[in-house]
Amino acid sequence: MIVLSQAYFRAFVIGLIAALAEFFGSYISGSISLLGDAFHIGFDTVGYLIGWFSIALMLRVPGRRFQALMGIFLVLASANILYQAVERFQTGGAVITNTLWFFVIGIFGLAANAVTLLILRVPHNHGHLQHEHEEHGAHAHSHDAILSANILHTVSDFACSVLVVLTALSHLVFPETRFLALVDPAVSLVIASFLLIQAYRLLTT
Ligand SMILES: [Zn+2]
């Protein structure tokens, strides 16, 4: 049990740093794909914090109301990205600045995803999570939905971060190519749809 709580705490710290770095990166570069990834990592970080709270402090995993609140937050986050993406498609895209920082922070976000996956995988293999589910009983479902413990989610984490890195790389390598201004909002729409899938899971389970 100690191992799993430590794992959640470490994942929380790494995720928090990565999310803050990405929010900062999106602010200085003007990238909305990076903003979407920041929302995504930030959301996962709340899940790690809940995982840590529930195990280390023996608190109950928050119930349906909190789950619905998180779902609504994700809907608002994706609506915000959708709105900005549509605006950019209409105006032919925005100029992305500080592309090197955009790239470096994107790589950092991708690395943070890989590290948290490794950290959280270890205790899962030893069956601690299953044991914990038995203890929590009825709360197991909301636990799963908020902690996002499923393959699709892990794949979407990586897909989003890889797309962000590729977007940054394209701007870095071809700074003068005008149509690339549309790649960033296009990628942000992919990320927004992953956020919506996650929101759907939270609001329906
Ligand atoms: Zn995620």
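The legends below describe several close-up views of one predicted model.

**View 1. The whole chain and the confidence of the model.** Residues are numbered from 1 along each chain as its sequence is written. Because this is a predicted model, local features need pLDDT of at least 70 and side-chain atom pairs count only at pLDDT 80 or more, while totals for chains, interfaces and linings use all residues. The chain has eight helices and zero strands, where helices (H or I, at least four residues) and strands (E, at least two) are DSSP runs numbered from the N terminus. The pLDDT, which is the predictor's confidence in each residue from 0 to 100, averages 84 over the chain, and 84% of the residues score at least 70. Confidence is lowest in helix H5 (residues 128-136), with a mean of 44, and highest in H8, at 93. Over residues 124-142 the pLDDT is below 50, and this stretch has 20 contacts in the model beyond near neighbours in sequence; two residues are in contact if their C-beta atoms, placed from the backbone, lie within 7 Å. Among contacts between residues at least 6 apart in sequence, 85% join residues at least 24 apart. Buried residues make up 42% of the 205 residues in the chain, a residue being buried if 20 or more other C-beta atoms lie within 10 Å of its own, exposed if 12 or fewer, and partly exposed in between, with C-beta atoms placed from the backbone.

**View 2. Helices H2 and H3 side by side.** The two helices pack at an angle of about 175°, with their axes 10 Å apart, where axes are lines fitted to C-alpha atoms, for helices over the stretch in contact, and angles run from 0 to 180 degrees between N-to-C directions. That angle makes H2 roughly antiparallel to H3, since angles under 35 degrees count as roughly parallel, over 145 as roughly antiparallel, 65 to 115 as roughly perpendicular and the rest as oblique. On the H2 side the contact is made by Ile32, Leu35, Gly36, Phe39, Phe43 and Val46, and on the H3 side by Met70, Leu74, Ala77, Ile81, Gln84 and Ala85.

View 3. The 28 residues of H3 should span 40 Å at 1.5 Å a residue, and its end C-alpha atoms are 41 Å apart, which agrees; the expected span is 1.5 Å times one less than the number of residues. Its buried residues are Gln67, Met70, Gly71, Leu74, Ala77, Ser78, Ile81 and Ala85. Ala68, in helix H3 (residues 64-91), counts as partly exposed, with 14 C-beta neighbours inside 10 Å. H3 is followed by Gly92, whose phi is positive, near 80°. Asn98, in the loop between H3 and H4, has a phi near 50°, a positive value in a residue other than glycine.

View 4. Helix H8 (residues 183-204) has 22 residues and reaches 32 Å from its first C-alpha to its last, close to the 32 Å expected at 1.5 Å a residue. The buried residues of H8 include Pro185, Ile191, Leu195 and Leu202. The C-alpha atoms of Leu202 and Ala68 are separated by 6.3 Å, although these residues are 134 apart along the chain. Glu87, found in helix H3, is 98 residues from Pro185 in sequence and 9.1 Å from Pro185 in space, C-alpha to C-alpha.

**View 5. The largest nonpolar core.** A nonpolar core is a set of buried Ala, Val, Leu, Ile, Met, Phe, Trp, Tyr and Cys residues joined through C-beta atoms within 7 Å. Of the 36 residues in the largest one, Leu74, Ile81, Val164, Ile191 and Leu195 touch the most other members. The elements that give two or more residues to this core are helix H1 (2-29), helix H2 (32-56), H3, helix H4 (99-125), helix H7 (151-173) and H8, and H2 gives the most, with nine residues. Not counting residues up to four places away in sequence, Ile191 touches Ser33, Gly36, Asp37, His40, Ile81 and Cys160.

**View 6. Ala168 in helix H7.** Ala168 lies in helix H7 and is buried, with 28 other C-beta atoms within 10 Å. Leaving aside neighbours within four places in sequence, Ala168 is in contact with Thr99, Phe102, Phe103 and Gly106.
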